[in-house]
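Here is a friendly walk through one protein model. Please have a look at the sequence and the fold before reading on.

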Amino acid sequence: MKYIVFILFTVMTNAAAQLMLKQGMMSLGPISFEGTNPLLKLLQVVFSPWVFLGLCTFVISMASHLYVLSKVELSFAYPFLSLAYVAVAIFAYFIFREDLNAWRIAGIAFICVGTVLIAQSGRDLGGRGHDDQTASIIPDKIQTNEIVR
């Protein structure tokens with residue numbers, strides 16, 4: 001549970017990147033590749049300010065996620081990324097005036113309940129995380145290598 005701050009940072013940067021990408025695509029308008037070199041059009045999209053900022057934020061999010069994966073179990077960390085959907089749906093409602101109907105709210109509630117259950121499972125590890133598992137595996141590998149020699 002001590003890595004929850006990094007997990008939530010990953011979630012929030014992921015959600016922020018999505019919002020920036022949406023803003024960037026709204027500012028560009030509908031994309032058409034007719035009469036244009038597709039590569040030039042792609043570069044135009046990628047290097048538009050909001051899209052580029054969103055992509056850079058994704059890189060930060062991915063770096064944070066890689067750090068988290070080096071510390072905790074994947075089956076614990078990965079489900080937290082579903083909270084990015086929750087954040088995106090809520091912020092998109094306020095920023096872009098996107099629909100937030102009863103079905104989406106129910107889905108958000110289920111995601112939140114599931115994430116809380118997964119977070120509780122982290123407490124069941126008794127302090128054992130990825131670091132402890134790695135420590136117990138490494139001596140086994142050393143012993144096996146010494147036997148082979």
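The notes below cover the first helix, one glycine, the core, the aromatic rings and the cysteines.

This is a predicted model, in which local features need pLDDT of at least 70 and side-chain atom pairs count only at pLDDT 80 or more, while totals for chains, interfaces and linings use all residues. Residues are numbered from 1 along each chain as its sequence is written, and side-chain values use heavy atoms, with hydrogens and water left out.

Let us begin with helix 1. Helices here (H or I, at least four residues) are DSSP runs, numbered from the N terminus. Helix 1 has 25 residues, which should span 36 Å at 1.5 Å a residue, and the 36 Å between its end C-alpha atoms agrees; the expected span is 1.5 Å times one less than the number of residues. After helix 1 comes Gly-29, with a positive phi near 80°.

Several residues of helix 1 are buried, among them Ile-7, Val-11, Ala-15 and Leu-19. Buried means under 20% relative accessible area, exposed means over 50%, and partly exposed lies in between (1.4 Å probe, protein chains only). The cover over the buried residues of helix 1 includes helix 3 (49-69), helix 4 and helix 5.

Gly-24 also sits in helix 1. Setting aside neighbours within four places in sequence, Gly-24 is in contact with Trp-50 and Val-51, where contact means heavy atoms within 4.5 Å. Val-46 is 22 residues from Gly-24 in sequence, and their C-alpha atoms are 9.3 Å apart.

| Residue | Relative accessibility | Class |
|---|---|---|
| Gly-24 | 0% | buried |
| Cys-56 | 32% | partly exposed |
| Cys-112 | 31% | partly exposed |

Which residues touch the most other members of the largest nonpolar core? They are Ile-7, Val-11, Val-72 and Phe-80, in a core of 17 residues. Helix 1 (4-28), helix 4 (74-77), helix 5 (82-95) and helix 6 (102-123) each give two or more residues to this core, and helix 5 provides the largest share, 5 residues. A nonpolar core is a set of buried Ala, Val, Leu, Ile, Met, Phe, Trp, Tyr and Cys residues joined through side-chain atoms within 4.5 Å.

Now the rings. Aromatic pairs number 5, and Tyr-3, Phe-6 and Tyr-67 make up one aromatic cluster. Rings of Phe, Tyr and Trp (its six-membered ring) pair if their centres lie within 6.5 Å; planes under 30 degrees apart count as stacked, over 60 as edge-to-face and the rest as tilted.

Finally, the count of disulfides is 0, a disulfide being a pair of cysteine sulfur atoms within 2.5 Å.
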